[in-house]
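Q: I've got a model open and I'd like to learn how to read it. Can we go through it together?

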Amino acid sequence: MQRKKCSEGCILASHFPSDVPEKFAVVHRVFGTGNIIKMLQGVEDIDRADAVNSMVYEASARLKDPVHGTATAIHQLKQNITDLENQLAATQEDLMNIRYENDKLVFLLGSRTSHLMDNILYEESDPLQCWGPLWNV
């Protein structure tokens, strides 16, 4: 990028290989070489690969959205989590209602169907096999 080669022991060489120049180009464009070196020097050796990946991701996001950067992706992921939590809560409520209806049926029909419904609602078994004995009554 700067028309000079890395010196012996250059901190950038191992994380920005010459066969993937666009990786360094993106990070260099956003952060600059001096800042990249400073950031990598402030990180333990074992964490540098993760730091480089984070810089590449942040720089790519900054180039796509100069104002918000990664904040847009973070917001979308948080929204996905909220949506999934709402779906889970609705499914748990549906299951609770089904179990309540089952308990009412057991009370009305007696214990004859109790074990069948328990197999369906409370265990991991094939529901069609559980209903078979009921149809043959």
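Q: Where does UniProt place the feature "coiled-coil region"?
A: First off, keep in mind that this is a predicted model. The UniProt record, an unreviewed entry, puts "coiled-coil region" at residues 74–101. In the model, that span is 100% helix and 0% strand, and its end C-alpha atoms are 41 Å apart.

Q: How many helices and strands does the chain have?
A: Six helices and zero strands. Going along the sequence, you read α-α-α-α-α-α. Of the 137 residues, 20% count as buried. As for contacts with a separation of 6 or more, 41% come from residues 24 or more positions apart.

Q: Which residues of H3 are buried?
A: Start with the general idea: an α-helix has 3.6 residues a turn, so residues three or four places apart point the same way. Now the case here: the buried residues of H3 are Arg48, Ala51, Val52, Met55, Val56, Glu58, Ala59 and Ala61. The cover over them includes helix H1 (21–31) and helix H2 (33–41).

Q: At what angle do the axes of H2 and H3 cross?
A: At roughly 145 degrees, with the axes coming within 10 Å. The crossing is right-handed.

Q: Which residues of H2 and H3 meet there?
A: From H2, you have Ile36, Met39, Leu40 and Gln41; from H3, Arg48, Ala51, Val52 and Met55. Sorted by type, the residues of this contact are six nonpolar, one polar and one charged.

Q: Let's zoom in on Met55. Is that residue buried or exposed?
A: The way to tell is the relative accessible area: under 20% counts as buried. Met55, which sits in helix H3, has a value of 5%, so Met55 is buried.

Q: And which residues does Met55 touch?
A: Leave out residues up to four places away in sequence, and Met55 touches Val27, Phe31, Ile36, Met39 and Leu40. Take Ile36 as one of these partners: Met55 and Ile36 are 19 residues apart in sequence, and their C-alpha atoms are 8.4 Å apart in space.

Notes. Residues numbered from 1 in each chain as written. Predicted model: local features only at pLDDT ≥ 70, side-chain atom pairs only at ≥ 80, totals over all residues. Heavy atoms only, no water. Buried < 20%, exposed > 50% of the residue type's maximum accessible area, 1.4 Å probe, protein only. Helix = DSSP H or I, 4+ residues; strand = E, 2+ residues; numbered from the N terminus. Contact = heavy atoms within 4.5 Å. UniProt positions renumbered as here; feature names shortened; annotations may be inferred. Axes fitted to C-alpha atoms, helices over the stretch in contact; angles between N-to-C directions. Left-handed = near helix turned anticlockwise from the far one by under 90°. Nonpolar A, V, L, I, M, F, W, Y, C, P; charged D, E, K, R; others polar.
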